[in-house]
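Welcome! Here is a short tour for someone meeting this structure for the first time. Take a look at the sequence and the model, and then read on.

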Amino acid sequence: MELSKCNETVKVSVGIDVSKGHSTVSFFREGDKSPSKPFTIDHDLPGLKFLERKLDHYKTNGTLRIYMECTGRYHLGLASSLQKDGYTVYTVNPKLLADFHDDSLRKPKTDSIDAQKIASYGIQYWNKERRPFSQMDSKRECLKECERQYKLYTDECVTFTNNLLSLTDLTCPGVNKLFSSNPNQNGHLKWVDFVNTWWHVDCIRKMSMNAFSNRYCKWCQKHGYEFSEDKAEDIMNWAKKALAAMPKSIDIKKTIQIAVNAINELLETIQDTKEHMNQLASQLPEYPVVMKMDGVGEVTGPIIMGELGDVTRFTKRSQITAFAGVDPQKHESGDDKPKSSRATKIGSPELRRALYLIMTSKLARKPQGDRVYDFIVKKRSEGKKYLVYMTAGANKFLRIYYGTVRDYMQNKQNSLFIQDKTSAGQMNVSKTA
């Protein structure tokens, strides 16, 4: 192919199919009949240097852009390194690449074909407005990974808690129903710490009421829980009525305490992860306005910010609801026009779970004058089913979220621009003086 005299007008799309430990790369120069033969690079410094030599060769002959699929965490290292070295990198939603077809009835699936497909996608949608990969995206990805770890730990904690409940059914059945207080500063649950000390009902009912009350009071002070004389009496009455399936022994005591220690370690890890999530989220520009929104908490707020990312990359409100998968999917053909349709559910399930928790919080608290809550009540009064009005509420919340955060970030950027312009003018005046 003969290059144009104006080399900068020649478009060169680089498609990178990212895998774990290595990637497959293909170049597609505007005017060529097909992408170049793909080659593989390792995710290490020699592999990066080899790729950059190839990129510099094509860059001298035109405008070069790099496209790669968002493949979990595997693309981050390569994207960050290339962005730091001055290359323009775009990360593409896997759904868009999956729906992109290159005029072929056959649909083979290999790394080489995927790299060529990504390069073709870059040429075809070259003029589509999109935001390049930036270092702020790395912070958001770090937040996303942190909240995924939080979910993993909470799921494991549920499993361990169910295991402890099955053990306590043998020695002190129903002990978890005695307490409803919030976790302490370490994230420990009161009934779990209680079982660690009083692991069998015989440990309680063989004591006098005064002796147990005094010991229970000291225990509450030591572990940071509230003490109540009435609660001590309730515990004693429960212990006298409870029927233990196993006798008191050192073996079952050790088994229960091992389970308690495992849960407490997980609870402390969950508490530390929650604090780290908020610390990461506080570095994002939209953090103050998001945390003030009704229903958003110290867990759901960072999850939404991490999963949604920078909302300014969306050009309209319908895009953010489609990204979250809470928009109704339209499927009409001929006379077949259904009155209602299910949500697409294309996107992050963690994001939809956080939105569901926010909707549940609104229904429980009933905030008067809240637009989302009023919208949910309206849909419920129309006879809509539970999942329908909950999904509709999540859709409404995301639209408000998009407008609020976008306006806040635009105003913040404008104020920073005015401040920079004012400070530059003051510097010029001082130099003139």
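Glu-307 and Arg-148 form a salt bridge, with their closest N and O atoms 3.1 Å apart. This pair ties together distant parts of the chain, since Glu-307 sits in helix H12 and Arg-148 in helix H5 (residues 135-171), 159 residues apart. A salt bridge here is a side-chain nitrogen of Lys or Arg within 4 Å of a carboxyl oxygen of Asp or Glu. Helices (H or I, at least four residues) and strands (E, at least two) are DSSP runs, numbered from the N terminus.

Before going further, please note that this is a predicted model, in which local features need pLDDT of at least 70 and side-chain atom pairs count only at pLDDT 80 or more, while totals for chains, interfaces and linings use all residues. Residues are numbered from 1 along each chain as its sequence is written, and side-chain values use heavy atoms, with hydrogens and water left out.

How covered are the two partners? Glu-307 counts as buried, at 3% relative accessibility, whereas Arg-148 is partly exposed at 31%. In these terms, buried means under 20% relative accessible area, exposed over 50%, and partly exposed in between (1.4 Å probe, protein chains only). Glu-307 and Arg-148 also belong to a network of salt bridges that links them with Glu-147 and Glu-350.

Helix H12 (residues 300-308) is mostly covered, with nine of its nine residues buried. Among them are Thr-300, Pro-302, Met-305 and Leu-308. Gly-309 follows H12 and has a positive phi, near 75°.

By the salt-bridge rule, the count comes to 15. Three of these pairs are set out here:

| Pair | N to O distance |
|---|---|
| Glu-307 and Arg-148 | 3.1 Å |
| Arg-29 and Asp-32 | 3.8 Å |
| Lys-362 and Asp-370 | 3.0 Å |

In the pair of Lys-362 and Asp-370, both residues are buried.

## A loop with a positive phi

Lys-366 lies in the loop between helix H14 (349-365) and helix H15 (371-381). Its phi is near 55°, a positive value in a residue other than glycine. Most residues other than glycine have a negative phi. Lys-366 is partly exposed, at 48% relative accessibility.

## Cysteines without disulfides

How many disulfides does a search of the whole structure find? The search finds zero, where a disulfide is a pair of cysteine sulfur atoms within 2.5 Å. For Cys-146, the nearest cysteine sulfur is that of Cys-142, 6.8 Å away. For Cys-203, the nearest cysteine sulfur belongs to Cys-172, 8.5 Å away. Cys-146 is buried, with a relative accessible area of 8%, and Cys-203 is buried too, at 11%.

## A negative patch on the surface

Which residues gather in a patch of negative charge on the surface? They are Glu-229, Asp-230, Glu-233 and Asp-234. Patches are made of residues with over 30% relative accessible area and no salt bridge, with like charges joined within 9 Å and nonpolar side chains (Val, Leu, Ile, Met, Phe, Trp, Tyr) within 5 Å. Asp-230 is found in helix H9 (residues 229-241), and it is exposed, with a relative accessible area of 52%.

Key:
Accessible areas come from the Shrake-Rupley method with a 1.4 Å probe; for residues, only the protein chains shown count as cover. Lys and Arg count as positive and Asp and Glu as negative; His and the chain ends are not counted. The place of a charge is taken as NZ of Lys, CZ of Arg, CG of Asp or CD of Glu.
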